[in-house]
Amino acid sequence: MMVVTPPATYAPAPEAVSLEAAFVRERASARAAASPQSVLADPAASVPAKLDALNALQDRIPGLPRGPQAAALGALADAAGPAQPPEVRALALTLLGESVPPVADADARTRAVLVLLAALKSPDYRLFALRGLGPATHGLTPALEPVCEDALLNLLDGPVAGEERETALVALNSFVSGGSDFAQRAPQLLTLIETRLQAPIAADPAAFVSDPRWMPDSRELAAAILWLVSRRQEETGDSAPAARFKALMVRLIAVDPDAGARAWYASYRDAAPPQPGFTERTTRRPSDGRDEP
C-alpha cells in the first residue's frame with residue numbers, strides 16, 4: 001500500500017516551553033477564537049494560531065446567519081490557497097469540505113467544492129482534498145454533481161493507490177449515498193458509475209483482484225458502491241443492474257484470494273431486494289431557495 005506523506009504535521013512533538021511562551025500561545029489562541037478570519041489574513045500570525053483559527057471557523061459555521069456563514073466558508077477556501085503555509089492549507093481543505101453541508105448559500109458551497117476539486121491535481125494536497133470531498137458531496141448543486149463524479153472516477157481510472165484510492169472511494173460512496181433520488185432525476189449519474197467502474201471489473205475480474213492499486217479494502221469499497229448504485233436503480237423498478245451486479249459478485253468470489261473480500265461480496269450477492277416504498281435517509285441541508293424546491 002502506498003503511504004501518502006502529508007506536506008506537514010498538525011501536531012509537532014511536545015517540547016518544554018517557558019511560562020512567557022505559554023502565555024503568548026494562549027493569547028494567540030484566544031485571538032484565533034475571537035477573530036479567526038483576521039488571524040488567517042495576518043501574514044505574521046503563527047502556524048498554530050492559524051490552525052486554531054481554522055478550527056474556530058468550522059465550529060461556528062453551522063450557527064451563523066447566511067451572509068456571515070458564506071463569508072466564513074469563503075475564508076476556509078482562501079486558507080486552502082498557496083498564500084498559506086502547507087500545514088494550514090492541508091487542514092483548511094479537510095475542514096472546508098466538512099463545512100459545506102450546513103451552508104445555505106449555493107455560490108459559497110460551489111466555490112468550496114471547486115477549490116477541493118482543483119486541489120486533487122496536487123499530489124501534496126490530494127489526500128486532504130479527498131477527505132473534504134466526502135462530506136462536501138452531500139448537498140451538491142445539480143450542476144456540480146457530474147463534475148464531482150467525473151473527477152473521482154478519473155482518479156480511480158489513474159494510478160492512485162493506497163489511502164488515496166480508499167479515500168476517493170469513500171467520497172464516491174458518500175456521493176451515491178446522498179442521492180436517493182438520482183435514479184429519478186439524473187439516472188445518467190448512476191449509469192456512468194456502472195459503465196466506468198463496474199464494466200472494467202466485469203471485463204476481467206482476475207485482473208481487478210491482482211491489480212496492486214486495488215487492495216482488499218479498496219475492492220470491498222468498490223463492491224459497496226456498485227451495490228448501492230444497483231439498489232438505487234432497483235428501487236425504481238429496473239432489476240437488470242442488480243442482476244449484473246450479483247453476477248459480478250459470483251465471479252469475484254471465484255477469483256479473489258482474500259477471504260474478507262469474498263465474504264463482503266457474498267453479503268451483497270445475498271442481500272434482499274428493496275422493499276416497495278423503501279427510501280433511505282440522506283443527509284439534509286437547509287434550502288437556499290435557489291437550486292432546490
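User: Taking contact to mean heavy atoms within 4.5 Å, which helices do the buried residues of α5 pack against?
Analyst: They pack against α2 (36–41), α3 (47–60), α4 (66–79), α6 (106–119) and α7 (126–136). Helices here are DSSP runs of H or I with at least four residues, strands are E runs of at least two, and both are numbered from the N terminus.

User: Thanks! What should I know about the model and its numbering?
Analyst: This is a predicted model, in which local features need pLDDT of at least 70 and side-chain atom pairs count only at pLDDT 80 or more, while totals for chains, interfaces and linings use all residues. Residues are numbered from 1 along each chain as its sequence is written, and side-chain values use heavy atoms, leaving out hydrogens and water.

User: How many helices and strands are there?
Analyst: The protein chain has 15 helices and zero strands.

User: Back to α5, is it mostly covered or uncovered?
Analyst: Mostly covered, with 11 of its 14 residues buried. Buried means under 20% relative accessible area, exposed means over 50%, and partly exposed is in between (1.4 Å probe, protein chains only). Among the buried ones are Val-88, Arg-89, Leu-91, Leu-95 and Ser-99.

User: And what does α5 reach from its first C-alpha to its last?
Analyst: Helix α5 (residues 86–99) reaches 20 Å, close to the 20 Å expected at 1.5 Å a residue. The expected span is 1.5 Å times one less than the number of residues.

User: Which residues have the most contacts inside the largest nonpolar core?
Analyst: Leu-54, Leu-73, Leu-133 and Leu-172, in a core of 81 residues. Helix α13 (residues 216–235) gives the most to this core, with eight residues. A nonpolar core is a set of buried Ala, Val, Leu, Ile, Met, Phe, Trp, Tyr and Cys residues joined through side-chain atoms within 4.5 Å.

User: What does Leu-54 touch?
Analyst: Leaving aside residues up to four places away in sequence, Leu-54 touches Leu-40, Leu-76, Ala-79, Val-88, Leu-91, Ala-92 and Leu-95. Val-88, Leu-91, Ala-92 and Leu-95 are buried residues of α5.

User: Switching topic, how many salt bridges are there?
Analyst: There are 12, counting a side-chain nitrogen of Lys or Arg within 4 Å of a carboxyl oxygen of Asp or Glu. One of them pairs Asp-78 with Arg-111, with the closest N and O atoms 2.4 Å apart. Asp-78 is in helix α4 and Arg-111 in helix α6, so this pair ties together parts 33 residues apart in sequence.

User: Are those two buried or partly exposed?
Analyst: Asp-78 is partly exposed at 45% relative accessible area, and Arg-111 is partly exposed at 37%.

User: Which residue does Arg-244 form a salt bridge with?
Analyst: Its partner is Glu-194, and the closest N and O atoms are 2.6 Å apart. Arg-244 sits in helix α14 (residues 240–255) and Glu-194 in helix α11 (residues 187–203), so to speak distant parts of the chain, 50 residues apart. Arg-244 is partly exposed at 43% relative accessibility, whereas Glu-194 is buried at 13%.

User: Last one: what share of the protein chain counts as buried?
Analyst: Of its 293 residues, 48% count as buried. Residues 24 or more positions apart account for 67% of the chain's contacts with a separation of 6 or more.

Methods. Contact means heavy atoms within 4.5 Å.
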